[in-house]
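This is a short report for a reader new to the structure. Please look over the sequence and the model before reading on.

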Amino acid sequence: MALARQVLCLSAFLSLPLARAEPIRYSVAEEAESGSLVGKLAEDAGLTPAQLSARRARLVSEDGRQHFRFERASGRLVVAGRLDREELCGQAATCMLPFELLLSNPLQFFRVEVTLDDINDHSPVFREDRVYFSIPETSGTGSHFQLEAAQDLDIGSNTVQEYSISPENEYFSVSYGSRSNTDKYVELVLEKPLDREEHAEMGFSVIAVDGGSPPRSGAIQISIIILDVNDNAPKFTQEPYIAEVMENTPEGSVVLTVLATDQDAGVNGVISYQLSQAVGQSDSAFVIDPITGEIKLTKPLDFEAAETHELIVRATDGGGLSAICKVLVEVVDVNDNAPELVVSSFSSPIPENTVPGTVVALFSVRDRDSGANGKISCALEDQLSFSLRPAYKNYYELVTVSALDREETPQYILSVTAADAGSPPLTSTQTFTVDISDVNDNAPVFNQTSYTMYVRENNVPTVFVGAVSAGDADVGLNAKVTYSLAPEQGAERPSCSCISVNSENGHVFVLRPLDYEHLRQTEVTVSASDAGSSPLRANVTVRLVVLDENDNAPLVLYPAQDGSPASSELVPVWAEAGYLIGKVVAVDADSGQNSWLSYHLLRATDPGLFSVAVQSGEVRLRPVTERDSVKQKLVVLVRDNGKPPLSATAALSALLLKDFSDVRLPHSSPAPEDQDGSLTTYLIISLVFVSLLFLISSAVFVARKACRRKELEAGHVLYGADNLQSGLADAAAAGTLPRAYCYEISLTTGSGNSEFKFLRPILPSLPPQHCALGQGPDEEQDFPCVPVSTEDTAPDNAGTLSAGQFSVLSFN
C-alpha cells in the first residue's frame, strides 16, 4: 500500500494529452533549511490555489521519500527537511531529485526535477591520521614518497584543490596532480639530502585544502625515520588492478592477487601487504593475505548496493620502504532481482457503460538489475475487453478496448505479468480485480409471452387466480420489479375493473364475483417496471377465463310451463308401439357438461304406457290396451349433467281415441257432478262440426265433378311450398315451436264407417291456409285448411289430432 501511494504521482497519465511533456526544473543548495523556497510550482504549472485545493494536489516520488513539501495555499514548493547531497547521490556529478505533482479529479500530473547543488559541507579527509616513512639516508634529492590522496565527499570546486606542508620543511615538499580523470596522486618530494646523524627522525603535517568558500582542510601527520640502507622501494607489477566479480560469487572466493617487487635483498626485499578502502566505503567485503597478496571476499557482493569497490593496497619491504596501488573491483550484475510493479491508480468498480479507451489502472515497472537484466516488458493475459498501453517511460495504462456487459461478465480478474530480459528471465505478476457496476440497461422480461388464468363463476371476492412473474438481468434497484395494470390503449377493449395485481409479487386477484353467463373471458395488460433511474418496463397480456358452474336449472321451452292448462295430445288407440306423442324441448344457460340434458319419465297415469328418450326428450307410445285410461297425464323430468345436477319438470296430457267422434279437450278435470253435461256439450259440438264439414266437402266435391267430370282417386291436403317456407321462417324468428297441423282424411265411398288417417303435422302456428286437392299438377282445387293449435313439437313420423284442429275430408 505504501508503494501504491508513493507512485500515485503519475495517475495523470489517464489522459496523456493533459500531462506536460517536459518536466519543471528547479535547483536548491543542499543543507537548505526546512521551509526554504524551491520554486513557485503552482504558478509554473499554470494552476491556481483554488484548483490546488479542489483537486487535492500532492507530491509523490518513486522511492516514497518526501524531500520537499508543497503548500497548497500558496502554491510554493519548499524544502521539507535536511538534504545531504552526498548521502542522496554520493559522488555523482549531478544530483537530481525527481518527483511528481499529482492532481485528482480529474487525474493530472506534472513532472518536477530538483537539482541539488553541492555546498562545501565536507572537509578533506585522509584515511589515516599518521603515516610513517622509513627513508634511507642515501635517498637522493628528488626522491618521491607516495601518500594516499585525501578524500573529499564534495564535488567540483568544493573537492580537494591543493596540498601543503606545515610547518614548512626544508627537506620535503608536496607534489600532487592527476594522472587521469579519476587517478589523483600526492607525493612527498625530497628536496635536500638526508643526514641520519643530523636528524634521525622528523615530523610534519600534510594539509589538503578544498576550493570551497570558505575553504575546508584536512591534515595527516607524517613521521620520517631515516635509515641507513635499503635504498629500493617496492614496486607493483601493474597500476591499477582491475577485477570483475559476479555479484553472486560465494564468500571466500579470491578476487585477484596483487604483486609488488623489491630489488633489495634480505630483509629489505621482503614485502608485506596491507589493504584499505577508499573514504566513504565501510564494512569492507574484502581481505588481503599479507604474504601472498590474495584479495578474498568476506561477504557476498550486491550490484544494486555498489557497482564498484575501490581498494588501496600498500606493499612494504623489510627496510620500511613501501608502495601503494589502487585496486578496482567491478561487480558484474546477475539477474537476481525480479521486476517490481507499482500501482499508481486503480479504479474499481467501473460502470458497464464505460466507453472503450477508459483508463482503469496506471502502474509503473522497475528492475534493480542493469542491462538486459533490467529491461522489462509487460503483458496482459488473454483478455478481449482490456489491454495495456504504454504511457510514459516505464509507466503503463490498463484500458478498456470494448463495451462491457455486467450481465455477461460481472467481474474481470486481470493478470499483468512483468518480465525482464535476463537469462533465465524473472517475472512478477500483478492481479487487478475489476468489478463491473450495473446500469439499468435491461428491461424486465416475463417468464411467459402471455398468461391464461381461470376462475370459477360466483367466486368469492378478492380470490387469487394466479401470478405473473418477470425477471430483470440487472441488480439492485435496477432489478427490483413492480407490477401494475397498464391502461388500455383505445376503446376497442374496455378495461375490466374486476382484476387487480399485487405490485410486489405479481399475484392476480379477482375483486368481485363473476357470472359466466354475462362474462366468459376478459383480458388485461400487466406492466412490469424496474426501479432504475429512467425505469424500463415490459407488458404482458393476462387472459382471465371464467369457468362455468352449474348454477342454472334447465328451462323447458315446450310444452310451455306458464301455468295455463296443458293441451292434450290426441293418440289413436290403434297406434303402433313407438308412436311419437310429443317432444319435450329444454335448454340450459350453462355450458359444457353442465348443459348436457337428459330426459326421464318422472310419473304418469300409466307409467308402462309411455317411454321418454333420454337424449332427445321424445315421448313415445307403447302398446295400448283396453284397460288403459283415456286421459293420460305425464310428468317428464329434465336434468342437466352438472355436479350437483339441477332439474326441471314438464307436464304433458294425452287422450287415447278410438275414432274421430271421441275427440275431447279436457283441459281440466271437471267436477263429478258436471261430467255428464260436459260430455253432452262436446258431442253436440262434434256433430255440428262434422255435419258442417260434411256439407262443405260435399259442395266441393260436386263442384269439382261439374268442372272436371273425373272421379277423384284420392284426396290430398297439400300445403304450398312458399307458404311452408315462410311459415317455418316466421316460427324460427318467433322462437316458438310448431303448433299448426294439416291432416288428410280419406273416406271410402260406400263405407259404413269413417276411417281416419293421421299424417305428419306440417307447419307450426300458421294462419288459415288452403290445401290443394287434385290428382296431378294441373288439377288443383283449394279447400280451407284450418290451423290447429297445440303445445307439442311435431315429430318426424305420424302426428296427432288435438282439440281445436280441423281436417279436410276427401271422398272417393
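## Basis and confidence

This is a predicted model, in which local features need pLDDT of at least 70, side-chain atom pairs count only at pLDDT 80 or more, and totals for chains, interfaces and linings use all residues. Residues are numbered from 1 along each chain as its sequence is written, and side-chain values use heavy atoms, with hydrogens and water left out.

Strands (E) are DSSP runs of at least two residues, numbered from the N terminus. Confidence is highest in strand E38 (residues 507-510), at a mean of 94, and lowest in strand E53 (residues 807-811), at 33.

## An open sheet

Four strands form an open sheet in the order E42-E49-E48-E45, with mixed pairing; two strands pair if DSSP finds at least two bridges between them. Strand E42 (568-572) and strand E45 (597-604) are at the edges with a single partner strand each, so one side of each has no neighbour in the sheet.

E42 and strand E49 (residues 647-657) run parallel and are joined by 5 bridges.

## Backbone details

The peptide bond between Glu239 and Pro240 is cis, with omega about -10 degrees. Another cis bond runs from Lys643 to Pro644, with omega near -5 degrees; Pro644 lies in the loop between strand E48 (631-640) and E49.

Lys393, a residue other than glycine, has a positive phi near 55 degrees.

Key: pLDDT is the predictor's confidence in each residue, from 0 to 100.
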